[in-house]
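Student: I would like to go through the salt bridges here and check each label against its cut-off.
Tutor: Then start from the coordinates.

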Amino acid sequence: MIDTTFWDHVGPDFLANDRAHPSRAIAGALVAAASSAVSASKGRGLFRMCEIGPGPGFDYADHFSKIPENLGYVAFEASHRMLDRIRVPGIEVCRGGFREAEDAGYWDVAYTRATLEHQPDFQDGLGCMICSADLVIVTWFLPPGDRDEIVFREDTGVHNNRYARARVLSEIEKAGGKLLAALPVRWEYGNDNAIYVIRGTR
């Protein structure tokens with residue numbers, strides 16, 4: 001389950017500045033390419049995508065909603081505060097997180113951005129995505145590094161974890177997934193990000 005306290009400590013200025021982060025555009029391009037590939041190979045109308053932790057819905061509004069194929073997009077959001085902030089026309093939002101997305105069935109793409117770092121650990125959330133989707137796209141705002149750096153801020157009740165790259169790769173393999181690409185994303189105004197593209201098991 002996504003940490004429901006995290007967004008209580010994120011202000012509108014951060015969200016406004018973060019909206020322009022290039023990792024959002026890259027994720028949008030990856031989803032659009034996957035949608036085209038599915039349409040071409042399977043010849044079916046609906047491209048099923050879930051996003052876990054959409055925040056205010058920026059990624060859908062700026063990128064995913066522009067995908068020309070018939071997009072069946074569902075967002076899963078665990079934070080009451082963020083549910084109240086979503087004001088994007090056409091967005092379908094369900095209360096819940098990684099487990100609820102897995103329970104909802106099969107997805108062509110499962111996507112999350114800057115959520116796994118706020119979990120006590122990442123395995124359960126990432127495993128749910130790998131088991132329920134053909135393709136998993138994870139944007140890390142704290143990219144996996146040489147070792148685990150588990151940080152819990154008692155003043156906010158929020159985890160800000162950086163996980164060991166070797167452990168992340170091991171857990172992907174344990175869940176039956178395969179890392180297809182690890183893309184570094186540079187941004188001069190904030191954190192460097194990384195996008196992991198993973199083949200799921202569905």
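Tutor: A salt bridge is a side-chain nitrogen of Lys or Arg within 4 Å of a carboxyl oxygen of Asp or Glu. A search of the whole structure finds 10 salt bridges. The model is predicted, so local features need pLDDT of at least 70 and side-chain atom pairs count only at pLDDT 80 or more, while totals for chains, interfaces and linings use all residues. Side-chain values use heavy atoms, without hydrogens and water, and residues are numbered from 1 along each chain as its sequence is written.

Student: What makes Asp62 and Arg19 a salt bridge?
Tutor: Their closest N and O atoms are 2.8 Å apart, which is within 4 Å, so the pair qualifies. Asp62 lies in helix H3 (residues 58-62) and Arg19 in the loop between helix H1 (12-18) and helix H2 (22-42), so the pair ties together parts that are 43 residues apart in sequence. Helices (H or I, at least four residues) and strands (E, at least two) are DSSP runs, numbered from the N terminus.

Student: Why is Asp62 called partly exposed?
Tutor: Buried means under 20% relative accessible area, exposed over 50%, and partly exposed in between (1.4 Å probe, protein chains only). Asp62 has 25%, so the label is partly exposed. Arg19, at 33%, also counts as partly exposed.

Student: How do you know that Arg165 and Asp146 meet in a salt bridge?
Tutor: The N to O distance is 3.9 Å, so the pair meets the 4 Å limit. Arg165 is partly exposed at 37%, whereas Asp146 is exposed at 74%.
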